Amino acid sequence: MLGSGGDGVLLLETGLEVPMENGRPAYFNYYWLRDNCPSSFDAQTRERVYDIFSEETPPRAETAAIAGGCLEIAWQGSGHVTRLPLDFLSAQAGGEKRPDPARIAREPWFCDHYENMARFAQPDLVRDKTCLADWIEALLRDGVALVTGMPDTDAGLLETAGLLGHVRPSYFGLVFEVKTHINPTNLAFTAKALELHTDLPSEDAAPGVQFLHCRANSVIGGDSLFVDGLAVAEAFRAAHPDAFQLLAHTDVPYYCEHETFDMRARQRVIELDDEGAVSGVTISQHQADIFDLPQHDLDRYYPAFCRFGRMLQEDRFLMRFRLNAGECIVFDNHRIVHGRAGYTASSGDRHLRGCYIDRGEMRSTYRCLKGKGRFA
Ligand SMILES: [Fe+2]
C-alpha cells in the first residue's frame, strides 16, 4: 500500500482499493479509472474523446476519497479531477460483461413449429414500436418469424426490412428475385428442388437476417422447407460429441463463382458463441468448395459432416409449409437452414423477392426500442 485517501480508499501502485456499499473493498486500475472519467465522453456524440495514448506516464492518483456518493480522484501531473458515482463502480467491480437486453435466450424448435411461429401484420410493425420490439424478440429467440399483410409492391420488402436495419447488398445486388431465370447463376433461380442451406457462406460475413417476400405462389409444389440449425446442432452434440467438436472447430472453404464474381470464404459448419453455446450453423452443399484439408483429416471430417447433413434432414426437425402471396418469412441466416421442394414452372407463378440485413443492426434497433443504452 502506498497511501490512504479519505473514507478508507487505499492508493496502491497500479490502482485504488475502494470500499463498496456492501462493505467489501473493490480494486480499480488507474488506467481504467482515468479512461472512464465522465469527462472522457462527449455529451453530443457520446463517443470517448479522451486519448489515453497521449499520456506520457502511467496515470496515478495524487489523492482519492469518497465524497457525495462519488469516488473523487485528483490525478498526478495534470491535476485533473475525476468523479465516478459509487453505484457505477459497484456495477463494474466484478468485471462482468455488460448486460445486453438483446442477448435473449435462443429456443430451439422442431417440425411442428409452423402453427406456433410468431406472426406479425406488416402495418402493425410500421406503426407500433411495441410490436416491432416483439418481432425482433421473436427473431432473437426463435430465429424465424412470419410477416403477413405485406404490401404488394416492390418497395414493401425494403420498407419492412428497413424497420430492423439498413438493407445490405450481396453480390447479387440490394435485392434478389427468386423465380425461374433464363440464365440462372444460382440454383434458387431454377424450378429445381433446393437442398437445405444457409445463404452465401462464400461471403466473408455471410448475410445475417434474410427476408423472403412472397409476391406470387400459384405453382404446383415449391413448399418451403425450414429447419432450426440450433436444434439439430444441439441434438448432434448430445449424440455425437466428437463429431460436433470437429464441425465446430474446423474451417472449410466455400465458393461462388460465375462470370463476374469469384467469392471465397472459410466457415465452420457449427458456430459457437463466446460461452460455447451453439449460435448457429453454416451449411451449403452448392457452395462448399473442394475441401482442402489434409486427406487423413478428411477420414474423420467427412463422416462427421455427412452425419450432420443427414440429421438436418430428419423429419423431426423439418418444418414444411407453403409460403403464400402477401407473406414475408424473416429468419436468421446463421441459424435457420432453408430449402424448397421442386415445382412445376409451367403450373403458375412463383416469385419471392429477397434481401438481407445484418444481425448487429437488428440487435441495435432492439436496444434502442428498449431504451437500454448507457446514455439513455
Ligand atoms: Fe437461400
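Modeller: Helices (H or I, at least four residues) and strands (E, at least two residues) are DSSP runs, numbered from the N terminus. The model is predicted: local features need pLDDT of at least 70, side-chain atom pairs count only at pLDDT 80 or more, and totals for chains, interfaces and linings use all residues. Residues are numbered from 1 along each chain as its sequence is written.

Colleague: In which loop is Leu 200 found?

Modeller: Leu 200 is not a glycine, yet it has a positive phi of about 50°. Its loop lies between strand 11 and strand 12 (209–217).

Colleague: Is Leu 200 buried or exposed?

Modeller: A residue is buried if 20 or more other C-beta atoms, placed from the backbone, lie within 10 Å of its own, exposed if 12 or fewer do, and partly exposed in between. Leu 200 has 23 other C-beta atoms within 10 Å, so it is buried.

Colleague: Is Arg 46 buried or exposed?

Modeller: Arg 46 also has a positive phi, about 65°, although it is not a glycine. It sits in the loop between helix 1 (30–35) and strand 5 (61–67). Because it has 10 C-beta neighbours inside 10 Å, Arg 46 counts as exposed.

Colleague: Which strands stand at the edges of the open sheet of four strands?

Modeller: Two strands pair if DSSP finds at least two bridges between them. The order in this open sheet is 11-21-14-19, with antiparallel pairing. Two of the strands have a single partner each, so one side of each is left without a neighbour in the sheet; these are strand 11 (194–197) and strand 19 (318–321).

Colleague: What angle does the direction of helix 6 make with that of strand 14?

Modeller: Helix 6 (residues 229–239) packs on the sheet, touching strand 14 and strand 21; contact requires C-beta atoms, placed from the backbone, within 7 Å. Axes are lines fitted to C-alpha atoms, for helices over the stretch in contact, and angles run from 0 to 180 degrees between N-to-C directions. The angle is about 45°.

Colleague: What is the radius of gyration of the chain?

Modeller: The chain comes to nine helices and 23 strands. The radius is taken over C-alpha atoms, and the globule rule is 2.2 Å times the number of residues to the power 0.38. For 376 residues the rule gives 21 Å, so the chain is more spread out than a compact globule, its radius of gyration being 26 Å.

Technical notes: Contact = placed C-beta atoms within 7 Å.
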